Amino acid sequence: FQDIARHIKFFTKEGDKVLDPFLGIGSTLKSCAIESRVGYGIELSKKYVELSELRIKQEVPESFKYKKNQTIIQGDSTKRIEKFDDDFFDFLITSPPYWNILETRDHKASAREIENLDTKYSEDKADLGNIDDYDQFIEVLGSFFSKCARIVKTQKYMAIIVSDFRKRENYYIFHADLANYIENNSAFKLKGIKILYQRHKSIFPYGYPYSFVPNVHHQNVLIFQNKK
């Protein structure tokens, strides 16, 4: 949550409204509570809604006055954003679904099972991670972010945290595909990309010298400005 908090501090000021439309375990709302911002999070899964609520309750001391200014909405983000007024948010930051790569049966999936982590977030048809076709996934996700231009104030920013990934023999440049779609179909303009280095991962490729399968050990933060 420290990485998210740094972006919230940079792009907003106290009392500003921040949206995370794919809330997950609530890192954005924890950051908002600690950094004195009004946070809104949308999450499809009841399990993760409850984890987010528990995390804020347990990890944010009562002395932080914005702890009670965090709103968690359970539902489909593609529909729930329609309920917000125009120009409602000062900043949007999120890490969206990474297609259906959690279902790939490889060593990473085995490691997640050992650590008792999900290898599939849900069976819900509204879960974007259940879309089978990659191009359709990019279109649906990109269209969603394009529509968010209505609820983000003019000249304000949106930060999307994503990693590129491999599925079987194919390597997907996820950050570039998503950025290109949003720029070509919305008022958001890409202002730059920041890199988050995940130091807990090995930087060595697997199988060298017999094969080259690099470990993705960084995330791309796509920074867009709303130019509507």
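Me: How many aromatic pairs are there?
Reply: The count comes to 23 aromatic pairs. Keep in mind that this is a predicted model.

Me: Take Tyr40 and Phe84. What is the geometry of that pair?
Reply: Edge-to-face. The centres are 6.0 Å apart, with 85 degrees between the planes.

Me: Where do the two sit in the chain?
Reply: Tyr40 is in strand 2, residues 38-43. Phe84 is in the loop between helix 4 (77-80) and strand 4 (89-94). The pair links distant parts of the chain, 44 residues apart.

Me: Is Tyr40 buried or exposed? And Phe84, buried or exposed?
Reply: Tyr40 is buried, at a relative accessible area of 17%. Phe84 is buried too, at 11%. The cut-off for buried is under 20%.

Me: Next, Trp99 and Tyr134. Why is that pair edge-to-face?
Reply: Because the planes of the two rings stand at 65 degrees, and edge-to-face means over 60. The ring centres of Trp99 and Tyr134 are 5.2 Å apart.

Me: Which parts does that pair tie together?
Reply: Trp99 lies in the loop between strand 4 and helix 5 (107-114), and Tyr134 is in helix 6 (residues 134-147). So the pair ties together parts 35 residues apart in sequence.

Me: What about accessibility for those two?
Reply: Trp99 has 8% relative accessibility, so it counts as buried. Tyr134 has 9% and also counts as buried.

Me: Which residues form the aromatic cluster with them?
Reply: Tyr98, Phe137, Phe165, Tyr172 and Phe174 form one aromatic cluster with Trp99 and Tyr134.

Me: OK, helices now. How do helix 1 and helix 2 cross?
Reply: The axes of helix 1 (residues 2-11) and helix 2 (residues 27-34) come within 9 Å and cross at roughly 50 degrees. That makes helix 1 oblique to helix 2. The crossing is right-handed.

Me: Which residues make the contact?
Reply: Helix 1 puts in Ile4, Ala5 and Ile8. Helix 2 puts in Ser27, Thr28, Ser31 and Cys32. By class, the contact of helix 1 with helix 2 has four nonpolar, three polar and no charged residues.

Me: And helix 2 against helix 3, what angle?
Reply: About 30 degrees, with the axes 9 Å apart; helix 3 is residues 46-59. Helix 2 is therefore roughly parallel to helix 3. Their crossing is right-handed.

Me: Who touches whom there?
Reply: Ser27, Leu29 and Lys30 of helix 2 meet Arg55, Ile56 and Glu59 of helix 3. This contact of helix 2 with helix 3 divides into two nonpolar, one polar and three charged residues.

Technical notes
Residues are numbered from 1 along each chain as its sequence is written. This is a predicted model: local features need pLDDT of at least 70, side-chain atom pairs count only at pLDDT 80 or more; totals for chains, interfaces and linings use all residues. Side-chain values use heavy atoms; hydrogens and water are left out. Axes are lines fitted to C-alpha atoms, for helices over the stretch in contact, and angles run from 0 to 180 degrees between N-to-C directions. Helices (H or I, at least four residues) and strands (E, at least two) are DSSP runs, numbered from the N terminus. Angles under 35 degrees count as roughly parallel, over 145 as roughly antiparallel, 65 to 115 as roughly perpendicular and the rest as oblique. A crossing is left-handed if the near helix is turned anticlockwise from the far one by less than a right angle, and right-handed if clockwise. Contact means heavy atoms within 4.5 Å. Ala, Val, Leu, Ile, Met, Phe, Trp, Tyr, Cys and Pro count as nonpolar, Asp, Glu, Lys and Arg as charged, and the others, Gly among them, as polar. Rings of Phe, Tyr and Trp (its six-membered ring) pair if their centres lie within 6.5 Å; planes under 30 degrees apart count as stacked, over 60 as edge-to-face and the rest as tilted. Buried means under 20% relative accessible area, exposed over 50%, partly exposed in between (1.4 Å probe, protein chains only).
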